[in-house]
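Me: I have a structure on screen and some questions about it. Can we go through them one at a time?

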Amino acid sequence: MEYDVIIVGGGITGAATARDCAMRGFKTLLVERGDLCDGASGRNHGLLHSGGRYAVTDREGAEECIRENRILRRIASNCVEPTEGLFISLPEDGLDYQANFIAKCREAGIDAKAIDPKEALRLEPAINPSIIGAVKVPDASVDPFRLTDANVLDAQRHGADVLKFHKVVSLIVEEGRVKGVEVLGHNDVSTKKIYAREVVLAAGIWTAALAEAAGVHIGMMPSKGALIIFGHRVARMVINRCRKPANADILVPGDVVSVLGTTSDKVPLETCDDMHATPEEVELLLREGVQLVPSLATTRIIRAYAGVRPLVVADNSGDGRSVSRGIVLLDHEERDGLPGLITITGGKLTTARLMAEMTADLLCRKFGVNRRCETAEKPLPGSDGRKARFEDPVEQRAAIGRHGGEVSKMDFSQGREVLCECEQVTRAEIRYAVQHFGVRNISDLRRHTRIGMGTCQGSFCIRKVAVALAGELGDPSLADTFVKEYLQERWKGMTPVLWGDTLREGEYMHKVHSL
Amino acid sequence: MQENNISEANLERCLKCNLCTLVCPMMEVNPEYPGPKKAGPDGERYRLKDPAYYDYALKYCLNCKRCEVACPSGVEIGDMIQLARIKYGSQAKRKGLLGLRDWTLASTDLVGSLSSPFAPVVNGVLGTKPVKAVLDGVLGVDSHRTFPAYSGQKFTSWFRRQDQSAFDKFVTYFHGCYVNYNYPQLGKDFVKVVNAAGYGVHLLEKEKCCGVALMSNGFAGKARKQGELNLASMRKAIAAGEPVLTSSSTCTFTMRDEYPHVLGLPNDDVRPSLMLLTKWLYGKIASGEVKLRFRKDFSMKAAYHTACHMQKLGWEYYSIELLRMIPGMELTVLDQNCCGIAGTFGFKKENYVHSQNIGSKLFASILDAGVNTVLTDCETCKWQIEAGTGLPVLNPVSVLAEALED
């Protein structure tokens, strides 16, 4: 059994790369150690950048963003909500930065328009009323879980194989060439070898260790970013601060919540497997966030979390934020004399499709074939323009909002009952996730449905969900373990914000489930 | 910062404990209704994202506020649902004849003014089988329902001929539509009781329907106008040192709580002086200022039903204790159950069955109590309970009036 390409990493980069490779006709395998979106892809803002944030400091990145922004609105209409965005200037920011910002946006092709502060407040009443300037940009909200899922589904529909819950323990290096990967499944005791003509590392921050094991050094700088989730939508648009990029200056409306972030701190590589936000980070985020939207000070925080940006130190080094977040495509044959291995990293959620295109182009050159990239033209599964409408049955609307046209694969006649009430997840949607994404537990189920992500964090519904999921998986005895594991995982995010209503919720959760 | 980060957004206080779901009378009989938690704080998060998530089934909310009474977190669930209906319900607003029906049911003042002069004719015609069939088939007013009869003489016409000049202390009476157009006797009883307490009665300079029917039928704009007018009149009375007293729990609740919460009309200055006669009177008697003398030969075996809005006000105690002061009154206080009518709700054909199913528990408990009269502070409960049990239903004010020594 040999593949053309094995892609390591089931985040958005790996998923998009798998899709592109499969569409170009390569025999493709995507390997992921856990579930899709288990790393940084599931721990970010969910912001579809207009490029505005990078316009002043990184022209190339800004141009990539706006190009991809337009493409994703088209091909991933189901995952993208065209909220638009504002860059607001507060009195202490002055307006000098704004002038330069607009000029730089225009140079990068971003439609940035200065609007009157009064008009900005009318468009978005939640923003700080003391603003002295505002610029409207085509930012949007994007659901990273749905975008990754859609890429994986499309890859599969174009013939790719997906191997989740399999950790790559080493790269197979034979005769001076990477020939495949050695994997260990979650339920396995022994490893197995899978061969391919090329291996692509798309494992985010975990790429460094994988490459190192094959004797290749990639200087990676793990940069921790903490974010907090507020219980409902306080603003309709993406709100940015119009100043030199800093902490906590972006608020994104994501699905039915608001996400504020982020921080940027260098952390040791070995801590990347257990990232959580600290109370100090929450304090900092909140202190800055209220400058953007004052009502955040009195809005319930559901949880806090953190992800790790896989920043790459250029071969002749840099430091801190000055490290470019640009796309890094490494051909290790050329760079290190190790054929058969490619690394794709850096970049952003917004530019993942482009990263995939660049990788697949390189693979085409290596395989000596000439196949055009079609990922920017073909819509992703679910993105057929289907939106939740008032006319739709009420219990289906949330599922339509999440999965678009994919709802046609859900059987609501056998499962219209809502099991997770905060996020309105029905049994039909759970069954769909089990069938299409091979979930093992409630955390997996959450990534593919939003189950348990709402205000109650599972307090009320999680037992129903556990019983339903255990039933779908054919082993009812799993339910108790599901509940315990899931609530432990939720606690991790609730602990740094345990006050006010979230503390009350925590107490309620504790009593109901006798933790 | 963290100590200050306490949620102000009411929907976020919800812990999803579902106590509200447990007490919702509609939940028990109608599987189409999502229940207060889903319709209120859960649904609100989605409506904030996109109005397309508005659930038409919110029309089933009785606005009984039992959910709010039950909520341990102080979530204003009923208000949230009412506001959602006003804000998003327009996409589901009924057109054509059902729209006309809703408008007619809501316009208590106008329809009352037009009907009173022709009361015998209107009452006769509305009660006939062919008219009921038309109302049912064309307008969607259930044929099991009989509209409360219109009175030939309005309460205000009667009151104008009453001499209250002998008193030196006064209260102002907000009589409401039902007393004015349908049941002036309750107004007359009100005047009798207040006079017996040593106070004279004034009416408001101008009075309009409190607006509850307008709100529940989707005419918030008109309700707001009427509310403004009522509040302005009340402020004048209060400035003259008179409390504004009422005899209907729903009108009172609407003007005290729904005005600020649902219509956005601030009324902090009016609220302390706006109350039911029974609450005011109980206070006067308890403080020793007023002493009522009752007949020795009065006898009644009655059951007291706490109307939903009375429960929300938390004032049933006052009515019950006053009734217990009457010698010869044998009073059973019923368990709190919604009667199911919820104002104009139960008149609509599509709601009739739900309305009866909700009421059935209450009807059974009344019939079990072995009483000959039912007492309640709400006029729409009265219609429902009379139809459901065949027993006469009176307002406590009328019973007090009847029991007073002449």
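Me: What pLDDT does chain A average?
Reply: This is a predicted model, so confidence comes before detail. In chain A, 97% of the residues score at least 70. The chain A average is a pLDDT of 94.

Me: Over which residues of chain A does pLDDT stay under 50?
Reply: The model has 3 contacts beyond four places in sequence for this stretch. The stretch is residues 317-322 of chain A.

Me: Are α1(A) and α6(A) roughly parallel or antiparallel?
Reply: Helix α1 covers residues 12-23 of chain A, and helix α6 covers residues 144-157. They pack with their axes 8 Å apart, at an angle of about 25°. Angles under 35 degrees count as roughly parallel. α1(A) and α6(A) are therefore roughly parallel.

Me: Is the crossing of α1(A) past α6(A) left-handed or right-handed, and how many residues of the contact are nonpolar?
Reply: α1(A) passes α6(A) in a left-handed crossing. From α1(A), the contact includes I12(A), A15(A) and R19(A); from α6(A), it includes L147(A), V152(A) and D154(A). The contact of α1(A) with α6(A) has 2 polar residues, 2 charged ones and, as the number asked for, 9 nonpolar.

Me: Which residue stands opposite E81(A) in β8(A)?
Reply: β4(A) pairs with strand β8 (residues 140-142) of chain A over 2 bridges, in the antiparallel sense. Opposite E81(A) stands S141(A).

Me: How many residues on the side of chain B that touches chain A are charged?
Reply: Chain B gives 30 residues to the contact, and chain A gives 31. On the chain B side, 13 are nonpolar and 6 are polar. The charged residues there number 11.

Me: Where is T262(A), and what is omega for the peptide bond from G261(A) to T262(A)?
Reply: T262(A) sits in the loop between β16 (257-261) and β17 (265-266) of chain A. The bond from G261(A) to T262(A) is cis. Its omega is near -5°.

Technical notes. Residues numbered from 1 in each chain as written. Chains lettered and ligands numbered in written order. Predicted model: local features only at pLDDT ≥ 70, side-chain atom pairs only at ≥ 80, totals over all residues. Axes fitted to C-alpha atoms, helices over the stretch in contact; angles between N-to-C directions. Helix = DSSP H or I, 4+ residues; strand = E, 2+ residues; numbered from the N terminus. Parallel < 35°, antiparallel > 145°, perpendicular 65-115°, else oblique. Left-handed = near helix turned anticlockwise from the far one by under 90°. Contact = placed C-beta atoms within 7 Å. Nonpolar A, V, L, I, M, F, W, Y, C, P; charged D, E, K, R; others polar. pLDDT = per-residue confidence, 0-100. Pairing = 2+ DSSP bridges.
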